[in-house]
Amino acid sequence: MFTATPDQVQLVFSIIVIAVLLHVFLGACAYSIMLERKLSAWMQDRVGPNRVGPKGLFQPLADGLKFLLKEDYTPLGVDKALFTMAPGLIMLPAMIGFAVVPFAGLIDITGLVSLLGIAQANTIYQVSVVGADINIGVVYLIAVGSLGVFGVTLGGWASNNKWSFLGGLRAGAQMISYEIPMGLSLLAIILISGSIRPMTIIGGQLDGAWNLMQLPVAAVIFYTCMLAESNRAPFDMAECESELVGGYHTEYSSMRFALFFLAEYFHMITGAAFFTMLFLGGWSLNPFGGWDLPVEGAWWMGLIQFGVVASKMFLLVAFAMAIRWTLPRFRFDQLMRLAWEGMIPVSLFVMLMVSFFLFMGWNDYMWAGSLGCIVVIYLILPFMPQQSDPNHRIRLIGSRFSPVEGDSAGEQFSKASSG
Amino acid sequence: MTILALDGIISYLPVGVIILMATAFIVANLVLTSIIGPSAQGAVKGLAYESGMDPIGSARKRFNVRFYILAMTFLVFDVEIIFLYPWAVTFSKLDPRSPESALFLGRIMFFIATSVVAYVYAWKKGVFRWD
(Lines give C-alpha, C1' and ligand atoms only; values in the text may rest on other atoms or scores of the structure.)
Protein backbone atom coordinates (compact mmCIF):
# COMPACT_ATOMS: atom_id res chain seq x y z
CA MET A 1 0.00 0.00 0.00
CA PHE A 2 1.27 3.48 -0.89
CA THR A 3 2.23 5.80 1.93
CA ALA A 4 3.39 9.36 1.49
CA THR A 5 6.39 10.93 3.13
CA PRO A 6 6.01 14.44 4.63
CA ASP A 7 8.07 15.84 1.74
CA GLN A 8 5.69 14.42 -0.85
CA VAL A 9 2.69 15.74 1.07
CA GLN A 10 4.34 19.18 1.22
CA LEU A 11 4.96 19.15 -2.53
CA VAL A 12 1.37 18.25 -3.40
CA PHE A 13 0.06 20.75 -0.87
CA SER A 14 2.30 23.49 -2.34
CA ILE A 15 0.95 22.87 -5.83
CA ILE A 16 -2.63 22.98 -4.52
CA VAL A 17 -1.85 26.25 -2.70
CA ILE A 18 -0.46 27.75 -5.91
CA ALA A 19 -3.44 26.63 -7.99
CA VAL A 20 -5.93 28.04 -5.48
CA LEU A 21 -4.08 31.29 -4.84
CA LEU A 22 -3.57 32.02 -8.54
CA HIS A 23 -7.33 31.95 -9.05
CA VAL A 24 -7.98 33.89 -5.85
CA PHE A 25 -5.56 36.60 -6.96
CA LEU A 26 -6.93 36.79 -10.48
CA GLY A 27 -10.36 37.36 -8.95
CA ALA A 28 -8.86 39.84 -6.51
CA CYS A 29 -7.28 41.65 -9.47
CA ALA A 30 -10.61 42.01 -11.26
CA TYR A 31 -12.27 43.19 -8.08
CA SER A 32 -9.46 45.58 -7.19
CA ILE A 33 -10.17 47.38 -10.46
CA MET A 34 -13.77 47.59 -9.26
CA LEU A 35 -12.55 48.73 -5.83
CA GLU A 36 -10.41 51.40 -7.43
CA ARG A 37 -13.37 52.75 -9.40
CA LYS A 38 -15.55 52.76 -6.29
CA LEU A 39 -12.81 54.39 -4.20
CA SER A 40 -12.16 57.10 -6.76
CA ALA A 41 -15.91 57.71 -7.02
CA TRP A 42 -16.09 57.99 -3.25
CA MET A 43 -13.14 60.40 -3.13
CA GLN A 44 -14.58 62.54 -5.92
CA ASP A 45 -18.15 62.50 -4.56
CA ARG A 46 -19.55 60.39 -7.39
CA VAL A 47 -21.50 57.14 -7.30
CA GLY A 48 -19.26 54.87 -9.34
CA PRO A 49 -20.28 51.71 -11.20
CA ASN A 50 -23.66 50.56 -9.83
CA ARG A 51 -25.65 49.17 -12.78
CA VAL A 52 -24.38 45.64 -13.41
CA GLY A 53 -25.76 43.27 -10.80
CA PRO A 54 -26.51 44.20 -7.18
CA LYS A 55 -24.56 47.35 -6.25
CA GLY A 56 -22.55 46.95 -9.47
CA LEU A 57 -20.80 43.83 -8.16
CA PHE A 58 -20.80 42.08 -11.56
CA GLN A 59 -18.99 45.00 -13.23
CA PRO A 60 -15.60 43.16 -13.42
CA LEU A 61 -17.27 40.22 -15.19
CA ALA A 62 -18.88 42.58 -17.69
CA ASP A 63 -15.54 44.32 -18.25
CA GLY A 64 -13.76 41.04 -18.85
CA LEU A 65 -16.41 39.85 -21.29
CA LYS A 66 -16.25 43.13 -23.16
CA PHE A 67 -12.47 42.88 -23.49
CA LEU A 68 -12.85 39.35 -24.88
CA LEU A 69 -15.43 40.41 -27.46
CA LYS A 70 -13.44 43.37 -28.79
CA GLU A 71 -11.24 43.21 -31.86
CA ASP A 72 -7.67 42.10 -31.25
CA TYR A 73 -6.15 44.52 -33.73
CA THR A 74 -2.55 44.57 -34.93
CA PRO A 75 -1.75 47.83 -36.70
CA LEU A 76 0.35 47.82 -39.86
CA GLY A 77 4.05 48.47 -39.42
CA VAL A 78 4.40 46.94 -35.96
CA ASP A 79 6.94 44.28 -35.09
CA LYS A 80 4.42 41.42 -35.01
CA ALA A 81 6.31 38.93 -32.85
CA LEU A 82 7.26 41.42 -30.16
CA PHE A 83 3.88 43.15 -30.34
CA THR A 84 2.16 39.84 -29.54
CA MET A 85 4.67 38.79 -26.91
CA ALA A 86 4.83 42.03 -24.92
CA PRO A 87 1.55 41.68 -22.96
CA GLY A 88 2.54 38.15 -21.99
CA LEU A 89 6.01 39.32 -21.01
CA ILE A 90 4.57 41.83 -18.58
CA MET A 91 1.80 39.58 -17.24
CA LEU A 92 3.95 36.49 -16.64
CA PRO A 93 6.38 38.02 -14.09
CA ALA A 94 3.46 39.69 -12.34
CA MET A 95 1.63 36.38 -11.98
CA ILE A 96 4.50 34.16 -10.82
CA GLY A 97 5.92 36.53 -8.20
CA PHE A 98 3.77 35.57 -5.23
CA ALA A 99 4.79 31.88 -5.35
CA VAL A 100 7.44 32.29 -2.64
CA VAL A 101 5.45 34.46 -0.21
CA PRO A 102 4.20 32.54 2.87
CA PHE A 103 0.54 33.26 3.54
CA ALA A 104 0.29 31.24 6.76
CA GLY A 105 2.57 29.25 9.04
CA LEU A 106 2.92 25.51 9.44
CA ILE A 107 -0.40 23.71 9.66
CA ASP A 108 -0.99 20.19 10.89
CA ILE A 109 -2.86 18.05 8.35
CA THR A 110 -2.15 14.62 9.84
CA GLY A 111 -5.92 14.02 10.15
CA LEU A 112 -6.54 14.78 6.49
CA VAL A 113 -3.67 12.60 5.32
CA SER A 114 -4.83 9.62 7.39
CA LEU A 115 -8.36 10.19 6.09
CA LEU A 116 -6.97 9.68 2.60
CA GLY A 117 -5.37 6.44 3.82
CA ILE A 118 -1.82 7.29 2.79
CA ALA A 119 -0.42 8.23 6.20
CA GLN A 120 2.65 6.54 7.63
CA ALA A 121 2.35 5.37 11.20
CA ASN A 122 3.57 7.76 13.91
CA THR A 123 4.33 10.59 11.49
CA ILE A 124 3.16 14.16 11.95
CA TYR A 125 2.32 15.84 8.65
CA GLN A 126 3.03 19.53 8.95
CA VAL A 127 2.93 21.65 5.81
CA SER A 128 3.76 25.30 5.22
CA VAL A 129 1.19 27.36 3.33
CA VAL A 130 3.55 28.70 0.69
CA GLY A 131 3.85 27.91 -2.98
CA ALA A 132 7.57 27.26 -3.12
CA ASP A 133 9.45 27.49 0.16
CA ILE A 134 12.82 28.08 -1.51
CA ASN A 135 15.69 29.47 0.51
CA ILE A 136 16.45 32.31 -1.90
CA GLY A 137 12.84 33.52 -1.89
CA VAL A 138 13.61 37.22 -1.55
CA VAL A 139 16.08 37.18 -4.45
CA TYR A 140 13.52 35.31 -6.56
CA LEU A 141 10.86 37.92 -5.80
CA ILE A 142 13.02 40.92 -6.65
CA ALA A 143 14.37 39.22 -9.78
CA VAL A 144 10.92 38.30 -11.07
CA GLY A 145 9.52 41.69 -10.11
CA SER A 146 12.05 43.51 -12.24
CA LEU A 147 11.41 41.34 -15.32
CA GLY A 148 8.30 43.41 -16.01
CA VAL A 149 10.47 46.09 -17.60
CA PHE A 150 10.92 43.88 -20.69
CA GLY A 151 7.21 43.81 -21.47
CA VAL A 152 6.86 47.55 -21.09
CA THR A 153 9.89 48.53 -23.15
CA LEU A 154 9.31 45.94 -25.90
CA GLY A 155 5.61 46.80 -26.08
CA GLY A 156 6.49 50.45 -26.55
CA TRP A 157 9.16 49.77 -29.14
CA ALA A 158 7.19 47.20 -31.15
CA SER A 159 4.18 49.48 -31.57
CA ASN A 160 6.04 51.73 -34.06
CA ASN A 161 4.27 54.71 -32.58
CA LYS A 162 6.18 57.73 -31.29
CA TRP A 163 4.05 58.07 -28.18
CA SER A 164 4.39 54.38 -27.36
CA PHE A 165 8.12 54.53 -27.97
CA LEU A 166 8.61 57.48 -25.64
CA GLY A 167 6.32 55.90 -23.04
CA GLY A 168 8.20 52.61 -23.18
CA LEU A 169 11.58 54.36 -22.85
CA ARG A 170 10.39 56.43 -19.92
CA ALA A 171 8.84 53.43 -18.19
CA GLY A 172 12.04 51.44 -18.70
CA ALA A 173 14.20 54.23 -17.28
CA GLN A 174 11.82 54.65 -14.35
CA MET A 175 11.62 50.97 -13.49
CA ILE A 176 15.37 50.38 -13.55
CA SER A 177 15.99 53.55 -11.54
CA TYR A 178 13.63 52.58 -8.75
CA GLU A 179 15.04 49.08 -8.55
CA ILE A 180 18.22 50.35 -6.90
CA PRO A 181 16.67 52.00 -3.81
CA MET A 182 14.36 48.97 -3.57
CA GLY A 183 17.31 46.59 -3.52
CA LEU A 184 19.20 48.73 -1.01
CA SER A 185 16.29 48.99 1.44
CA LEU A 186 15.79 45.24 1.05
CA LEU A 187 19.44 44.81 2.01
CA ALA A 188 18.74 46.46 5.36
CA ILE A 189 16.00 43.88 6.00
CA ILE A 190 18.34 41.03 5.05
CA LEU A 191 20.98 42.39 7.44
CA ILE A 192 18.46 42.45 10.28
CA SER A 193 16.94 39.03 9.53
CA GLY A 194 20.18 37.30 8.57
CA SER A 195 18.43 35.28 5.90
CA ILE A 196 16.83 35.57 2.50
CA ARG A 197 14.29 32.83 3.22
CA PRO A 198 10.81 34.38 3.54
CA MET A 199 9.77 32.05 6.40
CA THR A 200 12.80 33.06 8.47
CA ILE A 201 12.18 36.76 7.87
CA ILE A 202 8.60 36.39 9.13
CA GLY A 203 9.76 34.21 12.04
CA GLY A 204 12.14 36.93 13.19
CA GLN A 205 9.33 39.45 13.19
CA LEU A 206 7.04 37.12 15.13
CA ASP A 207 9.65 36.81 17.87
CA GLY A 208 10.60 40.49 17.86
CA ALA A 209 9.20 43.76 16.61
CA TRP A 210 8.04 44.34 13.04
CA ASN A 211 10.69 45.58 10.65
CA LEU A 212 8.41 48.57 10.06
CA MET A 213 9.04 49.60 13.67
CA GLN A 214 12.78 49.10 13.34
CA LEU A 215 13.34 50.60 9.90
CA PRO A 216 10.54 53.05 9.04
CA VAL A 217 12.75 54.91 6.52
CA ALA A 218 13.47 51.74 4.56
CA ALA A 219 9.75 50.88 4.66
CA VAL A 220 8.73 54.23 3.16
CA ILE A 221 11.39 53.93 0.44
CA PHE A 222 10.35 50.38 -0.33
CA TYR A 223 6.66 51.24 -0.60
CA THR A 224 7.40 54.17 -2.90
CA CYS A 225 9.60 51.98 -5.10
CA MET A 226 6.84 49.38 -5.15
CA LEU A 227 4.45 52.00 -6.56
CA ALA A 228 7.05 53.03 -9.14
CA GLU A 229 7.79 49.44 -10.15
CA SER A 230 4.12 48.70 -10.79
CA ASN A 231 3.77 51.99 -12.71
CA ARG A 232 1.15 53.32 -10.32
CA ALA A 233 0.33 56.98 -9.89
CA PRO A 234 2.03 59.28 -8.98
CA PHE A 235 4.68 57.40 -10.98
CA ASP A 236 2.53 56.47 -14.00
CA MET A 237 4.85 58.48 -16.20
CA ALA A 238 4.74 55.78 -18.85
CA GLU A 239 1.06 56.27 -19.57
CA CYS A 240 0.50 59.89 -18.71
CA GLU A 241 -2.40 60.64 -20.99
CA SER A 242 -1.84 64.40 -21.00
CA GLU A 243 1.58 64.02 -22.65
CA LEU A 244 1.84 60.62 -24.33
CA VAL A 245 -1.76 59.64 -25.26
CA GLY A 246 -1.67 56.15 -23.68
CA GLY A 247 2.06 55.55 -23.33
CA TYR A 248 3.35 52.12 -24.21
CA HIS A 249 -0.12 50.60 -24.63
CA THR A 250 -1.50 53.21 -27.04
CA GLU A 251 -1.71 50.73 -29.92
CA TYR A 252 -3.07 47.82 -27.90
CA SER A 253 -6.69 46.75 -27.89
CA SER A 254 -8.91 44.02 -26.54
CA MET A 255 -7.41 41.32 -24.30
CA ARG A 256 -3.82 42.44 -24.92
CA PHE A 257 -4.64 45.80 -23.42
CA ALA A 258 -6.48 44.03 -20.60
CA LEU A 259 -3.32 42.04 -19.83
CA PHE A 260 -1.33 45.28 -19.45
CA PHE A 261 -4.02 46.56 -17.15
CA LEU A 262 -4.31 43.34 -15.14
CA ALA A 263 -0.52 43.17 -14.77
CA GLU A 264 -0.49 46.57 -13.10
CA TYR A 265 -2.97 45.40 -10.47
CA PHE A 266 -1.29 42.02 -10.11
CA HIS A 267 2.03 43.79 -9.53
CA MET A 268 0.34 45.87 -6.86
CA ILE A 269 -1.06 42.79 -5.10
CA THR A 270 2.27 40.94 -5.26
CA GLY A 271 4.02 44.06 -4.01
CA ALA A 272 1.57 44.28 -1.10
CA ALA A 273 2.26 40.64 -0.23
CA PHE A 274 5.99 41.34 -0.43
CA PHE A 275 5.69 44.40 1.80
CA THR A 276 3.53 42.47 4.29
CA MET A 277 6.17 39.76 4.48
CA LEU A 278 9.16 42.08 4.81
CA PHE A 279 7.89 44.90 7.00
CA LEU A 280 4.56 43.95 8.57
CA GLY A 281 5.64 40.53 9.84
CA GLY A 282 3.30 38.38 7.74
CA TRP A 283 0.54 37.18 10.08
CA SER A 284 2.06 38.90 13.11
CA LEU A 285 -0.51 40.83 15.15
CA ASN A 286 1.78 42.51 17.64
CA PRO A 287 4.05 45.20 16.17
CA PHE A 288 6.28 45.49 19.24
CA GLY A 289 7.33 41.89 19.93
CA GLY A 290 6.11 39.65 22.70
CA TRP A 291 2.83 37.75 22.40
CA ASP A 292 1.91 36.77 18.86
CA LEU A 293 0.12 34.24 16.71
CA PRO A 294 2.07 30.94 16.71
CA VAL A 295 3.94 29.60 13.72
CA GLU A 296 2.51 26.11 14.05
CA GLY A 297 -1.12 25.24 14.52
CA ALA A 298 -4.18 23.38 13.33
CA TRP A 299 -5.90 24.13 10.02
CA TRP A 300 -8.12 26.85 11.54
CA MET A 301 -5.04 28.67 12.81
CA GLY A 302 -3.80 28.65 9.22
CA LEU A 303 -7.07 30.25 8.12
CA ILE A 304 -6.75 32.97 10.76
CA GLN A 305 -3.16 33.65 9.69
CA PHE A 306 -4.20 33.86 6.05
CA GLY A 307 -6.97 36.26 7.05
CA VAL A 308 -4.47 38.53 8.81
CA VAL A 309 -2.11 38.53 5.82
CA ALA A 310 -4.96 39.18 3.39
CA SER A 311 -6.32 42.11 5.40
CA LYS A 312 -2.86 43.70 5.59
CA MET A 313 -2.53 43.29 1.84
CA PHE A 314 -5.99 44.80 1.30
CA LEU A 315 -5.06 47.85 3.37
CA LEU A 316 -1.81 48.34 1.42
CA VAL A 317 -3.59 48.08 -1.95
CA ALA A 318 -6.31 50.48 -0.82
CA PHE A 319 -3.61 52.88 0.40
CA ALA A 320 -1.94 52.79 -3.02
CA MET A 321 -5.30 53.64 -4.60
CA ALA A 322 -5.85 56.52 -2.16
CA ILE A 323 -2.39 57.82 -3.12
CA ARG A 324 -3.32 57.64 -6.79
CA TRP A 325 -6.38 59.80 -6.33
CA THR A 326 -4.68 62.24 -3.97
CA LEU A 327 -1.29 63.11 -5.44
CA PRO A 328 -0.68 64.71 -8.83
CA ARG A 329 1.68 63.03 -11.27
CA PHE A 330 5.42 63.73 -11.12
CA ARG A 331 7.20 65.37 -14.00
CA PHE A 332 9.80 63.08 -15.57
CA ASP A 333 12.86 65.04 -14.43
CA GLN A 334 11.44 65.23 -10.89
CA LEU A 335 10.87 61.49 -10.97
CA MET A 336 14.46 60.79 -11.94
CA ARG A 337 15.84 63.23 -9.38
CA LEU A 338 13.73 61.61 -6.65
CA ALA A 339 15.21 58.21 -7.45
CA TRP A 340 18.85 59.09 -8.11
CA GLU A 341 19.51 62.15 -6.00
CA GLY A 342 17.07 61.39 -3.20
CA MET A 343 16.24 57.79 -2.54
CA ILE A 344 19.52 56.10 -3.49
CA PRO A 345 21.69 58.15 -1.09
CA VAL A 346 19.10 57.82 1.68
CA SER A 347 18.69 54.06 1.30
CA LEU A 348 22.49 53.61 1.09
CA PHE A 349 22.81 55.64 4.28
CA VAL A 350 20.15 53.52 6.05
CA MET A 351 21.92 50.34 4.93
CA LEU A 352 25.27 51.58 6.25
CA MET A 353 23.57 52.57 9.52
CA VAL A 354 22.15 49.07 9.91
CA SER A 355 25.48 47.38 9.22
CA PHE A 356 27.25 49.68 11.71
CA PHE A 357 24.61 48.98 14.39
CA LEU A 358 24.95 45.25 13.74
CA PHE A 359 28.72 45.57 14.11
CA MET A 360 28.31 47.31 17.45
CA GLY A 361 25.74 44.73 18.56
CA TRP A 362 22.95 47.29 19.04
CA ASN A 363 20.36 45.05 17.41
CA ASP A 364 17.52 46.29 19.62
CA TYR A 365 18.12 49.98 18.89
CA MET A 366 17.55 50.02 15.14
CA TRP A 367 14.59 52.36 15.65
CA ALA A 368 16.92 54.91 17.29
CA GLY A 369 19.26 54.55 14.31
CA SER A 370 16.36 55.20 11.91
CA LEU A 371 15.39 58.33 13.84
CA GLY A 372 19.05 59.38 13.71
CA CYS A 373 19.01 58.86 9.93
CA ILE A 374 16.01 61.17 9.56
CA VAL A 375 17.68 63.86 11.71
CA VAL A 376 20.97 63.65 9.79
CA ILE A 377 19.16 63.86 6.44
CA TYR A 378 17.31 66.98 7.53
CA LEU A 379 20.59 68.51 8.75
CA ILE A 380 22.38 67.80 5.46
CA LEU A 381 19.51 68.86 3.19
CA PRO A 382 20.07 72.68 3.33
CA PHE A 383 23.71 72.24 2.24
CA MET A 384 22.90 70.15 -0.83
CA PRO A 385 23.43 71.84 -4.22
CA GLN A 386 20.12 73.17 -5.49
CA GLN A 387 19.11 72.60 -9.06
CA SER A 388 18.17 75.60 -11.14
CA ASP A 389 14.52 76.06 -11.97
CA PRO A 390 13.93 73.85 -15.01
CA ASN A 391 10.87 75.79 -16.16
CA HIS A 392 11.95 77.54 -19.34
CA ARG A 393 9.86 80.69 -19.37
CA ILE A 394 9.34 82.28 -22.74
CA ARG A 395 9.48 86.07 -22.75
CA LEU A 396 6.47 86.91 -24.89
CA ILE A 397 5.97 90.62 -25.25
CA GLY A 398 3.14 91.74 -22.99
CA SER A 399 3.29 88.68 -20.77
CA ARG A 400 4.37 88.92 -17.15
CA PHE A 401 7.80 87.60 -18.12
CA SER A 402 8.42 90.22 -20.79
CA PRO A 403 11.40 92.50 -20.15
CA VAL A 404 9.43 95.72 -20.64
CA GLU A 405 10.48 98.83 -18.66
CA GLY A 406 8.37 99.44 -15.57
CA ASP A 407 7.11 95.88 -15.50
CA SER A 408 8.29 94.72 -12.09
CA ALA A 409 7.69 91.02 -12.72
CA GLY A 410 9.60 91.21 -16.01
CA GLU A 411 12.51 93.05 -14.40
CA GLN A 412 12.74 90.49 -11.64
CA PHE A 413 12.87 87.77 -14.22
CA SER A 414 15.61 89.42 -16.28
CA LYS A 415 17.68 89.96 -13.12
CA ALA A 416 17.21 86.35 -12.09
CA SER A 417 18.11 85.01 -15.51
CA SER A 418 21.16 87.22 -16.01
CA GLY A 419 22.49 86.80 -12.45
CA MET B 1 11.32 28.22 15.19
CA THR B 2 11.28 24.97 13.29
CA ILE B 3 11.28 25.12 9.56
CA LEU B 4 9.94 22.18 7.66
CA ALA B 5 10.82 22.52 4.05
CA LEU B 6 11.89 20.65 1.00
CA ASP B 7 15.50 20.74 0.00
CA GLY B 8 17.26 20.70 -3.29
CA ILE B 9 15.99 21.21 -6.79
CA ILE B 10 12.62 19.55 -6.04
CA SER B 11 11.57 22.60 -4.01
CA TYR B 12 11.53 24.61 -7.25
CA LEU B 13 8.92 22.35 -8.84
CA PRO B 14 5.97 24.55 -7.72
CA VAL B 15 7.66 27.53 -9.43
CA GLY B 16 7.65 25.54 -12.66
CA VAL B 17 3.98 24.70 -12.13
CA ILE B 18 3.00 28.32 -11.62
CA ILE B 19 4.95 29.42 -14.73
CA LEU B 20 3.05 26.81 -16.77
CA MET B 21 -0.30 27.89 -15.33
CA ALA B 22 0.37 31.59 -15.93
CA THR B 23 1.51 30.91 -19.51
CA ALA B 24 -1.61 28.85 -20.12
CA PHE B 25 -3.81 31.68 -18.80
CA ILE B 26 -2.12 34.28 -21.02
CA VAL B 27 -2.11 32.15 -24.18
CA ALA B 28 -5.72 31.05 -23.66
CA ASN B 29 -6.87 34.63 -23.27
CA LEU B 30 -5.01 35.87 -26.34
CA VAL B 31 -6.20 32.97 -28.52
CA LEU B 32 -9.78 33.25 -27.28
CA THR B 33 -10.05 36.96 -28.00
CA SER B 34 -8.60 36.59 -31.49
CA ILE B 35 -11.19 33.86 -32.22
CA ILE B 36 -14.23 35.56 -30.70
CA GLY B 37 -13.54 39.17 -31.58
CA PRO B 38 -14.36 40.76 -34.93
CA SER B 39 -11.65 41.44 -37.48
CA ALA B 40 -11.42 44.09 -40.17
CA GLN B 41 -8.47 45.70 -41.91
CA GLY B 42 -8.09 49.05 -43.57
CA ALA B 43 -5.37 51.36 -44.82
CA VAL B 44 -6.29 54.18 -42.45
CA LYS B 45 -7.11 51.84 -39.57
CA GLY B 46 -3.60 50.42 -39.78
CA LEU B 47 -1.92 53.78 -39.15
CA ALA B 48 -0.27 54.45 -35.82
CA TYR B 49 -2.45 56.60 -33.55
CA GLU B 50 -0.62 59.86 -33.07
CA SER B 51 -3.38 62.13 -31.84
CA GLY B 52 -5.30 61.92 -35.09
CA MET B 53 -2.48 63.28 -37.30
CA ASP B 54 -1.01 61.17 -40.09
CA PRO B 55 2.25 59.78 -38.69
CA ILE B 56 5.36 61.40 -40.20
CA GLY B 57 8.05 58.80 -40.71
CA SER B 58 8.66 55.77 -38.58
CA ALA B 59 9.09 55.68 -34.82
CA ARG B 60 12.36 53.81 -35.19
CA LYS B 61 14.45 56.89 -34.69
CA ARG B 62 17.44 57.94 -32.67
CA PHE B 63 16.53 58.91 -29.15
CA ASN B 64 18.14 60.78 -26.31
CA VAL B 65 21.51 59.37 -25.27
CA ARG B 66 20.65 59.97 -21.60
CA PHE B 67 18.69 56.74 -21.56
CA TYR B 68 21.86 54.81 -22.47
CA ILE B 69 23.95 56.58 -19.85
CA LEU B 70 21.28 56.00 -17.23
CA ALA B 71 21.12 52.30 -18.08
CA MET B 72 24.90 52.00 -17.73
CA THR B 73 24.85 53.75 -14.34
CA PHE B 74 22.06 51.41 -13.32
CA LEU B 75 24.19 48.41 -14.24
CA VAL B 76 27.00 49.58 -11.95
CA PHE B 77 24.65 49.81 -9.00
CA ASP B 78 22.68 46.67 -9.73
CA VAL B 79 25.81 44.53 -9.86
CA GLU B 80 26.98 46.18 -6.64
CA ILE B 81 23.72 45.28 -4.89
CA ILE B 82 23.90 41.68 -6.11
CA PHE B 83 27.37 41.43 -4.55
CA LEU B 84 26.02 42.85 -1.30
CA TYR B 85 23.31 40.20 -0.82
CA PRO B 86 25.57 37.26 0.15
CA TRP B 87 27.68 39.64 2.20
CA ALA B 88 24.57 40.76 4.14
CA VAL B 89 23.57 37.18 4.97
CA THR B 90 27.07 36.31 6.19
CA PHE B 91 27.81 39.56 8.01
CA SER B 92 24.67 39.37 10.17
CA LYS B 93 25.78 35.96 11.49
CA LEU B 94 29.18 37.18 12.74
CA ASP B 95 29.80 38.11 16.36
CA PRO B 96 29.47 41.84 17.00
CA ARG B 97 32.72 43.76 17.60
CA SER B 98 34.87 40.77 16.68
CA PRO B 99 37.97 41.32 14.48
CA GLU B 100 36.41 39.16 11.77
CA SER B 101 33.30 41.33 11.75
CA ALA B 102 35.42 44.49 11.55
CA LEU B 103 37.29 43.01 8.57
CA PHE B 104 34.01 42.20 6.82
CA LEU B 105 32.64 45.69 7.46
CA GLY B 106 35.86 47.37 6.34
CA ARG B 107 36.06 45.45 3.09
CA ILE B 108 32.47 46.20 2.14
CA MET B 109 32.96 49.86 3.08
CA PHE B 110 35.83 50.01 0.58
CA PHE B 111 33.67 48.25 -2.03
CA ILE B 112 30.80 50.69 -1.53
CA ALA B 113 33.22 53.62 -1.54
CA THR B 114 34.44 52.69 -5.02
CA SER B 115 30.93 52.84 -6.41
CA VAL B 116 30.14 56.00 -4.46
CA VAL B 117 33.04 57.62 -6.34
CA ALA B 118 31.39 56.59 -9.61
CA TYR B 119 28.05 57.87 -8.32
CA VAL B 120 29.43 61.29 -7.37
CA TYR B 121 31.18 61.53 -10.75
CA ALA B 122 27.93 60.72 -12.56
CA TRP B 123 26.06 63.27 -10.46
CA LYS B 124 28.67 65.98 -11.22
CA LYS B 125 28.51 65.11 -14.91
CA GLY B 126 24.76 65.66 -14.86
CA VAL B 127 23.59 62.12 -15.63
CA PHE B 128 20.63 62.60 -13.31
CA ARG B 129 19.59 65.96 -14.78
CA TRP B 130 16.75 65.60 -17.23
CA ASP B 131 15.75 69.21 -17.78
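Modeller: The discussion below takes up salt bridges and then a helix pair in this predicted model.

Colleague: How many salt bridges are there over all chains?

Modeller: A salt bridge is counted when a side-chain nitrogen of Lys or Arg lies within 4 Å of a carboxyl oxygen of Asp or Glu. By this rule there are five salt bridges over all chains.

Colleague: Which residue meets Arg37(A) in a salt bridge?

Modeller: The partner of Arg37(A) is Asp63(A), with an N to O distance of 3.3 Å. This pair links distant parts of the chain, 26 residues apart: Arg37(A) belongs to helix α1 (residues 6-43) of chain A, and Asp63(A) to helix α2 (residues 59-69) of chain A.

Colleague: Where do Glu341(A) and Arg337(A) lie?

Modeller: Both are in helix α14 (residues 332-360) of chain A, four residues apart, which is about one turn of the helix. Glu341(A) is buried, with a relative accessible area of 19%, whereas Arg337(A) is partly exposed at 31%.

Colleague: What salt bridge does Asp333(A) form?

Modeller: The side chain of Asp333(A) meets that of Arg331(A) at 2.9 Å, N to O. Asp333(A) is buried, with 9% relative accessibility, while Arg331(A) is partly exposed at 33%.

Colleague: Let us turn to packing. At what angle do helix α10 and helix α12 of chain A pack?

Modeller: Helix α10 (residues 216-229) and helix α12 (residues 254-279) of chain A pack at about 165 degrees, and their axes are 10 Å apart. An angle over 145 degrees counts as roughly antiparallel, so that description applies to α10(A) and α12(A). The crossing of α10(A) past α12(A) is right-handed.

Colleague: Which residues make the contact?

Modeller: From α10(A) come Ala218(A), Ala219(A), Phe222(A), Tyr223(A) and Met226(A). From α12(A) the contributors include Met268(A), Gly271(A), Phe275(A) and Phe279(A).

Note on methods:
Residues are numbered from 1 along each chain as its sequence is written. Chains are lettered from A and ligands numbered from 1 in the order in which they are written. This is a predicted model: local features need pLDDT of at least 70, side-chain atom pairs count only at pLDDT 80 or more; totals for chains, interfaces and linings use all residues. Side-chain values use heavy atoms; hydrogens and water are left out. Helices (H or I, at least four residues) and strands (E, at least two) are DSSP runs, numbered from the N terminus. Buried means under 20% relative accessible area, exposed over 50%, partly exposed in between (1.4 Å probe, protein chains only). Axes are lines fitted to C-alpha atoms, for helices over the stretch in contact, and angles run from 0 to 180 degrees between N-to-C directions. Angles under 35 degrees count as roughly parallel, over 145 as roughly antiparallel, 65 to 115 as roughly perpendicular and the rest as oblique. A crossing is left-handed if the near helix is turned anticlockwise from the far one by less than a right angle, and right-handed if clockwise. Contact means heavy atoms within 4.5 Å.
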